[in-house]
Amino acid sequence: MFLSKLDSLTDALKLINDNQKYCDIEEISIHDCHKRVLAEDIKAYHNSPPFDKSAMDGFAVIAENTFGASQSAPKQLKVIDAIGAGDFSDKNVGENEAIVIATGAPIPEGANAVIMKEYTTTDGDDLTIYSQVTPGENVSPKAEDIKKGEIILSKNTFIRYQEMGLIASAGYDKVKVYKKPKIKVIITGNELVEPTKEEIDKAKIINSNQFTIKAMIEDSGAICDISHAGDTFDEVRDAILEASRDYDVIMTTGGTAISKGDVVLDVVDDIGEILFHGVAIRPGKPIGAGIVNDKMVFTFSGQPVAAMTQFDIFARKYLFEMQGRPFDFSIVKKESQLKVPSQLGRTDFIRSFTDEDYTRHVLNRGSGIIRSMVEANSYIIIDENDEGYQKGDIVDVVFFDSLLW
């Protein structure tokens, strides 16, 4: 089956968005939450720091006792105690007294500042200071970072290592996150063989899509399993039905164009619903999507570059948002070093190499030329209402790295 009228990119993306599904929630150890998405607000159980603490190694003092101290006019104080990290002093700092203090240790009663060790000398309990400090200097106040009871991270926050530290400081050893979606990729094609150094039989081709699409899925925060199906209706039907029972999303490669043996869309039409088949884009026009047993099915081209581009345009956002993480293309403006032709009514995603100032499209652009994706680091996007760009025009660019989870 093929729908001869091509959908616009906008209409196709809306159909996917209208059928967006979301993952369930699970509670996991904080040790495992890196690069997951919060499914709850994080409310602090503790103040951080839990007390006024020293920000430096030095001496806890009454700031006013240091006023006027300098290299030429040092002042004398008496050391009455010492506090290491993880310890505290039960002594009060009085007039012209000081307590040795380590970074992170609690400020003792009576003191209101810390003078750095570098600005002092000691002789037994006698402390000579050569600089003054102001009240609060070199002191991290209680709850400076986190205040007990406040919401410090919101639901749908992406957890980087920075957030892990904040979550731990707030008192959490477990967090609720969205589950990772499970994706089944079904590779179709009787002509495909596994990578080998041996001579390949006539009319056969190495199956590279299984590696690129699996890696792209994992770069979208999801879990991927691969299976294979021959170019028969029954084999593809059985594979998709089985996957629809055990997986959250199904993706296929091959079998989407108008040619003998291309059966994937016929299967989706038979056992489910086709949302669209054929979109006015380049590369990847034969892209299709449908629903089988309430599961989204993306049908990608068998051409490697087309399949990768189709994934970036249609599937990546779907997988991100399943896990509570918003996704949109991060578009930057660059000057084109070459003329880039296009045609009205079609959105082009042109492989390009972009630096700090300029972008230029990769000249070898066939949808089966995998090397062109290696030579590129970005897409130039040409809107359906544009007929291309001239050399020197400012164009829309999306870096590949900006697409990653």
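Modeller: In this predicted model, strand β18 is joined to strand β20 (residues 288-292) by 4 bridges, and the two run antiparallel. Strands (E, at least two residues) and helices (H or I, at least four) are DSSP runs numbered from the N terminus, and two strands pair if DSSP finds at least two bridges between them. Residues are numbered from 1 along each chain as its sequence is written; local features need pLDDT of at least 70, side-chain atom pairs count only at pLDDT 80 or more, totals for chains, interfaces and linings use all residues, and side-chain values use heavy atoms, without hydrogens and water.

Colleague: Which residue stands opposite I291 in β20?

Modeller: E273 does.

Colleague: What is the order of the strands in the open sheet?

Modeller: Strands of a sheet pair through backbone hydrogen bonds, either parallel or antiparallel. Here 6 strands follow the order β16-β13-β17-β21-β20-β18, with mixed pairing. Because β16 (223-229) and β18 (273-277) stand at the edges with a single partner strand each, one side of each has no neighbour in the sheet.

Colleague: Which strands does helix α3 touch?

Modeller: Contact means heavy atoms within 4.5 Å. Helix α3 (residues 209-218) packs on the sheet and touches β13 (182-188), β16 and β17 (249-253).

Colleague: Which residues touch the most other members of the largest nonpolar core?

Modeller: Such a core is a set of buried Ala, Val, Leu, Ile, Met, Phe, Trp, Tyr and Cys residues joined through side-chain atoms within 4.5 Å, where buried means under 20% relative accessible area (1.4 Å probe, protein chains only). Among its 50 residues, they are I217, M251, F276, F298, F311, F314 and L319. Helix α6 (residues 304-322) gives the largest share, 11 residues.

Terms used: Axes fitted to C-alpha atoms, helices over the stretch in contact; angles between N-to-C directions.
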